[in-house]
Amino acid sequence: MRSSEQTLEEILALAATHFKVPREKLAPDDDFFQKLGIDSLQALELLTRLENHFHVELPDYELQGVSDFRTLADRIQARL
Amino acid sequence: MLDLTQYTCLGAALCDALERFAGEVCLIEADRDRENCRLTFAQFKQAALPLAAALQGMGLREEDRAAIIMTNQSKWLISAYAIFYVGGVIVPLDYKLTAAEHLQLLAHSQARFLIVEYHLWRTIMNAPRFKDLKTEVVLVTEAPRQADLGQARRWEEAKSSAEPRFIMRQREDTACIVYSSGTGGRPKGCVLTHENYLEQCRSLTAWYPFWPGVRYLSILPTNHAIDFMVGFIGPFVCGACVVHLRTLRPEYIREAFTRYKITYMSLVPLVLKNLEKGLKAKFAELPPMRRAALNGLIAINGAFTRRRPNLTLSRQVLPQIHGAFGGELRALFVGGAFMEPATLQFFYDLGIPVANGYGLTEAGTAVTLNDFKPFRADTVGKPLPGMEVRIVNPDAEGIGEVAVRSRTVMSHYLDDPELTADTIVGGWLMTGDLGRLDSTGHLHLFGRKKNMIVTEGGKNIYPEDIENVFEGLGAKEFCIFASNYLWPKSGLGKDALVMVLRLEQGQQLSDGLRNELVSRNRRLPDFKRVGGYVLWERDFPRTASLKIKRTALAEEIGRDLPERDSAVVPL
């Protein structure tokens with residue numbers, strides 16, 4: 001079982017790869033919409049990547065009200 | 001299609017449609033690459049009537065209000081039909097609102113019944129004001145077996161074998177109460193009658209008919225006024241099929257086109273632009289020779305479809321493009337927010353007509369739409385049959401407020417006669433939008449008289465509704481505006497919320513204050529956030545009761561800082 005910190009780290013690494021930004025530019029409390037310059041549909045694309053990585057199903061609504069990596073990690077951790 | 005002039009209510013029309021088209025498929029629910037359900041009209045009836053009987057048994061009487069809070073899925077439609085069958089009034093609520101907002105609108109609408117998805121119910125139950133909820137009966141869909149539902153019951157178990165009694169409604173009776181905005185301050189519950197919906201349906205299908213065999217792809221939730229009409233009522237009364245996709249993920253939307261051979265789809269600008277981006281990325285990957293060949297074919301298609309779309313020809317000239325959309329797509333409908341003409345032209349050049357339209361909940365959804373006679377990327381189309389549109393107090397260029405008169409215009413705002421009187425004047429709905437009708441009868445939009453923005457996702461955001469998030473900010477005073485309200489004629493493509501900030505005498509905008517602004521802004525859902533701020537050096541004009549005179553302040557700002565781009569500092 002992954003720890004919350006591990007989950008968070010893996011999300012940051014995946015987001016960095018998917019959106020082609022250096023990993024060190026992303027911090028857990030960053031607003032990913034703003035930091036990555038993405039819209040809600042692009043954020044959903046990231047959710048698909050995360051599903052494949054963590055082998056869990058993440059309905060679209062898991063992104064509702066979420067805009068930072070840490071909260072996203074909490075939501076995913078709850079489903080692992 | 002049913003002759004809707006013969007019906008007095010949606011329940012009766014739907015009831016007949018379920019009989020007339022019994023063997024046709026009416027509803028498919030897909031989630032990613034799975035298909036959750038596929039129902040014929042007869043099976044839809046079998047699914048809905050036991051629920052209708054249960055609702056009647058639980059005390060749902062005519063005119064009782066029943067709210068629905070669900071994502072885009074088949075149970076929304078089944079529940080809606082069951083409510084109409086027993087004479088109820090539907091209150092469709094946006095599932096993306098917060099739990100506090102849901103509770104506020106449930107209270108405002110006085111909904112006695114609520115049908116809600118489990119994950120949303122869980123959030124509502126945990127909200128601080130939950131104890132004030134007066135809704136008597138709550139049915140929760142898709143709850144896990146061990147879930148604690150509080151006083152609520154399971155939707156799946158709400159079935160009665162008794163024969164439900166059909167309750168006939170009249171045309172002037174309320175069908176739905178749809179909130180167009182105002183969760184923060186003054187809720188605007190549009191009371192829409194059965195007549196409004198029946199006439200809207202007649203009007204839309206006169207230009208874009210549905211028939212058995214048509215497959216409509218629905219990605220917008222059914223609480224969205226567009227989807228309620230073209231993703232539910234319209235296809236059903238024509239015997240067509242709705243494919244509900246439970247995800248907005250672009251890869252699955254693309255897949256649904258081919259899997260279900262979609263005929264029509266409505267979307268908001270955000271999704272259309274995403275499809276455009278995906279296609280352009282694919283084109284960019286082509287080797288130079290193939291790219292040049294594709295451009296040549298696009299040019300040929302353009303030359304032959306300049307006056308009218310020619311789907312047969314376009315499908316032959318550009319088979320791969322049309323194949324990627326399933327090969328049977330006839331048109332996409334886009335509305336809800338400003339759409340860039342270049343995107344519309346991009347799709348039209350590929351032989352995929354995108355009908356750009358304009359509407360508002362208060363007018364019963366669509367008011368104008370493009371009819372492709374010929375294609376126009378620069379307008380929001382012509383008034384639909386039965387819609388009268390006029391421009392009130394036009395200036396020298398013919399631009400004034402758009403007013404609409406039609407049998408589709410709402411009856412009134414719920415419990416707000418004052419706002420109703422300001423909005424419906426002498427039978428005309430004053431839209432608050434600024435527009436001009438050209439010599440061909442097409443409507444062009446230029447901006448808004450009202451202080452609001454419409455996001456690319458089609459959501460109306462009123463600045464007053466989000467100001468409370470910034471309360472106590474370390475500045476002398478602040479006020480939030482829609483940028484188009486400050487600079488009305490600067491075009492609709494750049495809708496954004498702008499905070500006007502007045503600092504204390506001698507105060508500088510410190511990093512601390514800026515960080516505070518950013519962090520408060522992030523408490524809001526992404527589509528409600530402030531895009532930038534304007535530093536203002538005079539005290540705000542106020543009324544005797546010390547309320548900010550927003551209109552006067554907006555006029556001062558627009559006059560003293562005429563260039564939006566230089567006045568606004570992005571956040």
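Trainee: In strand 26 of chain B, which residue is the bridge partner of Ala482(B)?

Mentor: The model is a predicted one. Strand 25 (residues 477-482) and strand 26 (residues 497-502) of chain B pair in the antiparallel sense, over six bridges. Within strand 26 of chain B, Ala482(B) is bridged to Leu497(B).

Trainee: Is strand 25 of chain B largely enclosed or largely open, and why?

Mentor: A residue counts as buried if 20 or more other C-beta atoms lie within 10 Å of its own. Of the six residues of strand 25 of chain B, five are buried, so the strand is, by the rest of the structure, largely enclosed.

Trainee: Which strands stand at the edges of the open sheet of four strands in chain B?

Mentor: The order of this open sheet is 25-26-27-28 in chain B, and its pairing is mixed.

Trainee: In strand 27 of chain B, which residue is the bridge partner of Met499(B)?

Mentor: Strand 26 of chain B and strand 27 (residues 530-535) of chain B run parallel and are joined by five bridges. For Met499(B), the bridge partner in strand 27 of chain B is Tyr533(B).

Trainee: Which strands stand at the edges of the open sheet of nine strands in chain B?

Mentor: Nine strands of chain B form this open sheet in the order 2-1-11-10-12-13-14-15-16, with mixed pairing. A strand with a single partner has one side left without a neighbour in the sheet, and therefore the edges are strand 2 (34-40) and strand 16 (382-383) of chain B.

Trainee: In strand 11 of chain B, which residue is the bridge partner of Ala30(B)?

Mentor: Strand 1 (residues 25-31) and strand 11 (residues 241-245) of chain B run parallel, with four bridges joining them. In strand 11 of chain B, Ala30(B) has as its bridge partner Leu245(B).

Trainee: At about what angle to strand 2 of chain B does helix 2 run?

Mentor: Helix 2 (residues 41-57) of chain B lies across strand 1 and strand 2 of chain B. Relative to strand 2 of chain B, helix 2 runs at about 95°.

Trainee: Which helix of chain B gives the most to the side of chain B that touches chain A?

Mentor: The contact involves 15 residues from chain B and 13 residues from chain A. On the chain B side, helix 8 (250-260) and helix 9 (269-285) each supply at least two residues. With three residues, the one that gives the most is helix 9 of chain B.

Trainee: How far apart do the C-alpha centres of domain 1 and domain 3 of chain B lie?

Mentor: Chain B is divided into domain 1 (10-169 + 214-262), domain 2 (266-448) and domain 3 (466-570). Between the C-alpha centres of domain 1 and domain 3 of chain B, the distance is 39 Å.

Trainee: What radius of gyration does chain B have?

Mentor: The C-alpha atoms of chain B fill a box of roughly 75 × 65 × 50 Å along the principal axes. For 571 residues, a compact globule would have a radius of gyration near 25 Å, and chain B agrees with this at 24 Å.

Technical notes. Residues are numbered from 1 along each chain as its sequence is written. Chains are lettered from A and ligands numbered from 1 in the order in which they are written. This is a predicted model: local features need pLDDT of at least 70, side-chain atom pairs count only at pLDDT 80 or more; totals for chains, interfaces and linings use all residues. The radius of gyration is taken over C-alpha atoms; the globule rule is 2.2 Å times the number of residues to the power 0.38. Two residues are in contact if their C-beta atoms, placed from the backbone, lie within 7 Å. Domain bounds come from an automatic or database domain assignment. Two strands pair if DSSP finds at least two bridges between them. Axes are lines fitted to C-alpha atoms, for helices over the stretch in contact, and angles run from 0 to 180 degrees between N-to-C directions. A residue is buried if 20 or more other C-beta atoms lie within 10 Å of its own, exposed if 12 or fewer, and partly exposed in between; C-beta atoms are placed from the backbone.
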